[in-house]
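Biologist: Can you take me through this model in plain terms? I would like to ask about one part at a time.
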Amino acid sequence: MPLFKKFGAAAMAAVTAVSALASAVSADEPYNGYNYDWWNDAVPSQNGYVVDEVITGVDLGVGAFNELNDIFVDEVTGKIYLADTKNKRIVITDEKMESATVLDTFKYGEEFPESESLIKKTDLNDPSGVFVTHNNDKTLIYIADTMNERVIGCYEDGTIFREYTRPSGDLYEAEVSYRPLKVVVDNALNVYVVIKSITNGMVQFSTEGRFNGYYGSNRVETTAEVLQNAFYSLFMSREQMRKRVQAVAIEIANCDIDEEGFIYTVTSSKNAEKDVLKKLNPAGENIYLNMGFDNMLFGDMPLYYNGQNFASAIDDVDVDENGNVFLLDFTKRRIFQYSEELDLEFIFGGEGNQKGLFTSPTAIENLNHRVYVTDGRKNSITIFKLTEFGGMVQDAIELFNRGRYQDAKEPFEEILLRDSNYWFAYIGLGNAYYTMGENEMAMKYFYMHSKGGYNRAFKEYRMDMIRSYFNIFMIVVIVLIVIAVAISIVRRRIKKKKLKAASTGGDGNAV
Amino acid sequence: MRFDLDMPAWKWPFYVARHPFEGFEDVRWKKAYHTKVALIIVLCLFIVTVAGRLMTGFPFQVMYDKVFNVVPLFSSSVLIFFIWVVGNWSLCTLFNGEGKMQQIMCVTAYALVPYIISQVVYIFASNILTRQEGSILTFISYIGILWSAVLVISAMKAVHQYTMPKTIIAIVFTLIAMVIIVLVLILLISLFQQVVMFGYSIYTELMYRFSM
């Protein structure tokens, strides 16, 4: 019953949030900003991002796209690479998005002659991932050529310098298909490939194309099936166990790499609770676990209506130069922006056909505070720009994350003036007052927003109180002790007198 | 001290708390079952439960009520107490227990005093302690619960004149009986709800017919 009530309350909050905003904000955007409060209820918030423009293939002069599946923004050159899957091509454009070039034919050069290639194809077949990096002033383009079962590494002119094909060793099982979906490359030019229905993690290749092993596998969810298997394994033979359905980890759906070389992965299962977003160190371990984000829920809070699960299914992840993490949710077609410390900043986007809404969002990238989202069914790129409020929040949180709490005080106050529901501002102000030594104010702001912060401020506050009232406190304590001792002495004397009176009175029953 | 038992009614709960083993035998011997005192203790239990939800220091709050609702608190303190009394009485009358319903209620209420006191201390301390010192609070609440549990066992033993093993068995079965009572209550409530709804729908139907 309480569970149902909670969901009902959440739904009501969401509805009121939406209806309240519809009248309050001049309805420029087809979606309404919201955020989650202390109780994980949705509360209305200001939009952090608004639609700037929507670009199609026709606008770029290369003909309509057919299933845009990936976008990559090169931060060095400002070029934008699009994986136009069903047209079997890569479209290269720039930040202005006025013209574009098409990359769809390739050639084998001296560096990697055709005789070395296992595939020997000079065109693409359903490319669904693209990644670009630079090495010695050369632009290296990596394309996940899905149906050709290879990842191409090529230069801008289409000369292939390496192919990353199905690993031949024992580690990669023979019956498993090799359909690369996404690709990232680290600073040492190791290639990490997300492969369809591989549950062991990403496949890692060295620069030369050698299979190094799996990287960053997810943990197995503790479902009823897993527990059942563990129970059966107590008394079933190995042969019998092999016939049972094995519980496997959820496959990695997408990935990104940040400036410092950390790789981020997401899983797009609605039922996943573990490892929805991971930040992997070079050893393939999830850093977020050590930061205490093990049980964190990403995206929308899970809601069930009529037995249907409306939890978020995170399709793509993108990390900007400040460490902000963007998650693309396929369930509600929304984008969630988290700060470096995984505090939810903004939610925008939605499902629909208007500008700023999506029918089948596939990939997300950002450059200079502009967010690019590709839609595989509308076949367009939607570009969001930061609002004034959004910029303010981002600047404040950046100051906050660098530890400059006092500098962040004014921006956070301004944010609260504009949106008193914006919960992170309370934490920011609490920290500002805490560093200024105004513990009582800090406690006021931390209350119902941060237990840890409140605890810290309260500790200082208590110390101050004890210091300033120590004399009075001790005097009161001593007086109380004296009174207590005096009372007990008096009582004992009275008792003794009574006993004496009783014994001299000759009452035999007493004692 | 056992001969000096002529004390006012309100002192009895504290006396049994200080004498967990022979205290309830003394209550039985002196027939010190004071219903008013017991009811006041139950009221205190309710107050302490509500205060625990409302006044526990922020770092130690586990439930965050956006909207405060007293009904679950009432049912988790007062209602559970009376279900225990009824369950225990209905079970122990079958198991040759000597206690009457009023007596069971009184001794159970007496046994709850350490728990109530520990909760009061808990609520006060939670407002002056930080989370690092939280183990003190856990200690306080465990002490209270343990003490009250010992007293409840002792009370049941004395009021029904059972041996120790029989007391333990009776308590376990009482807990099961409580679960059954709660289930039956829920069933009854939903049944009555349906009956009321049925009557109401007939009423509205009639009103539609005749208010033309």
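This is a predicted model: local features need pLDDT of at least 70, side-chain atom pairs count only at pLDDT 80 or more; totals for chains, interfaces and linings use all residues.

Biologist: Now chain B. How do helix 6 and helix 7 of chain B pack?
Modeller: Helix 6 of chain B covers residues 113-126, and helix 7 of chain B covers residues 134-160. Their axes are 8 Å apart, at an angle of about 170 degrees. An angle over 145 degrees counts as roughly antiparallel, and therefore helix 6 and helix 7 of chain B are described as roughly antiparallel to each other.
Biologist: Which residues make that contact?
Modeller: From helix 6 of chain B they include B:P114, B:Y115, B:I117 and B:V121. From helix 7 of chain B they include B:I136, B:L137, B:I140 and B:W147. By class, this contact between helix 6 and helix 7 of chain B has 13 nonpolar, six polar and no charged residues.

Biologist: And helix 5 of chain B, how many of its residues are buried?
Modeller: Nine of the 11 residues in helix 5 of chain B (residues 101-111) are buried, so the helix is mostly covered. Among them are B:Q103, B:I104, B:M105 and B:C106.
Biologist: What covers them?
Modeller: The cover for the buried residues of helix 5 of chain B includes helix 1 (12-18), helix 2 (23-30), helix 3 (35-55) and helix 4 (70-92) of chain B. Helix 6 and helix 7 of chain B are also included.

Biologist: Back to chain A. At what angle do helix 8 and helix 9 of chain A cross?
Modeller: Roughly 165 degrees, and their axes come within 8 Å. That makes helix 8 of chain A roughly antiparallel to helix 9 of chain A. Helix 8 covers residues 423-436 and helix 9 covers residues 439-446 of chain A.
Biologist: Is the crossing of helix 8 and helix 9 of chain A left-handed or right-handed?
Modeller: Helix 8 of chain A passes helix 9 of chain A in a left-handed crossing. The contact uses A:Y426, A:L429, A:G430, A:Y433 and A:Y434 from helix 8 of chain A. Helix 9 of chain A supplies A:N439, A:M441, A:A442, A:Y445 and A:F446. The classes in this contact of helix 8 with helix 9 of chain A are eight nonpolar, two polar and no charged.

Biologist: Where does A:I195 sit?
Modeller: A:I195 is in strand 14 of chain A, residues 191-195.
Biologist: Why does A:I195 count as buried?
Modeller: Because A:I195 has 27 C-beta neighbours inside 10 Å, and 20 or more is the cut-off for buried.
Biologist: What does A:I195 touch?
Modeller: Leaving out residues up to four places away in sequence, A:I195 touches A:Y178, A:R179, A:P180, A:L181 and A:V203. The C-alpha atom of A:I195 is also 9.3 Å from that of A:A144, 51 residues apart along the chain.

Biologist: You mentioned A:V203. What does A:V203 stand opposite?
Modeller: A:V203 stands opposite A:Y214, which is in strand 16 of chain A. Four bridges join strand 15 (residues 202-205) to strand 16 (residues 211-215) of chain A, and the two run antiparallel. Strand 15 and strand 16 of chain A form a hairpin with five residues between them. In the turn, A:G209 has a positive phi of about 95 degrees.

Biologist: Which residue other than glycine has a phi near 55 degrees?
Modeller: A:K88 is one, with a positive phi near 55 degrees. A:K88 is in the loop between strand 5 (79-84) and strand 6 (89-94) of chain A. A:E149 is not a glycine either, and has a positive phi of about 55 degrees. A:E149 is in the loop between strand 10 (138-145) and strand 11 (150-154) of chain A.

Biologist: Last topic, the open sheet in chain A. What is the strand order?
Modeller: The order is 22-23-24-25, with antiparallel pairing. Strand 22 (314-319) and strand 25 (344-349) of chain A each have a single partner strand, so one side of each is left without a neighbour in the sheet.

Notes. Residues are numbered from 1 along each chain as its sequence is written. Chains are lettered from A and ligands numbered from 1 in the order in which they are written. A residue is buried if 20 or more other C-beta atoms lie within 10 Å of its own, exposed if 12 or fewer, and partly exposed in between; C-beta atoms are placed from the backbone. Two residues are in contact if their C-beta atoms, placed from the backbone, lie within 7 Å. Axes are lines fitted to C-alpha atoms, for helices over the stretch in contact, and angles run from 0 to 180 degrees between N-to-C directions. Angles under 35 degrees count as roughly parallel, over 145 as roughly antiparallel, 65 to 115 as roughly perpendicular and the rest as oblique. Ala, Val, Leu, Ile, Met, Phe, Trp, Tyr, Cys and Pro count as nonpolar, Asp, Glu, Lys and Arg as charged, and the others, Gly among them, as polar. A crossing is left-handed if the near helix is turned anticlockwise from the far one by less than a right angle, and right-handed if clockwise. Two strands pair if DSSP finds at least two bridges between them.
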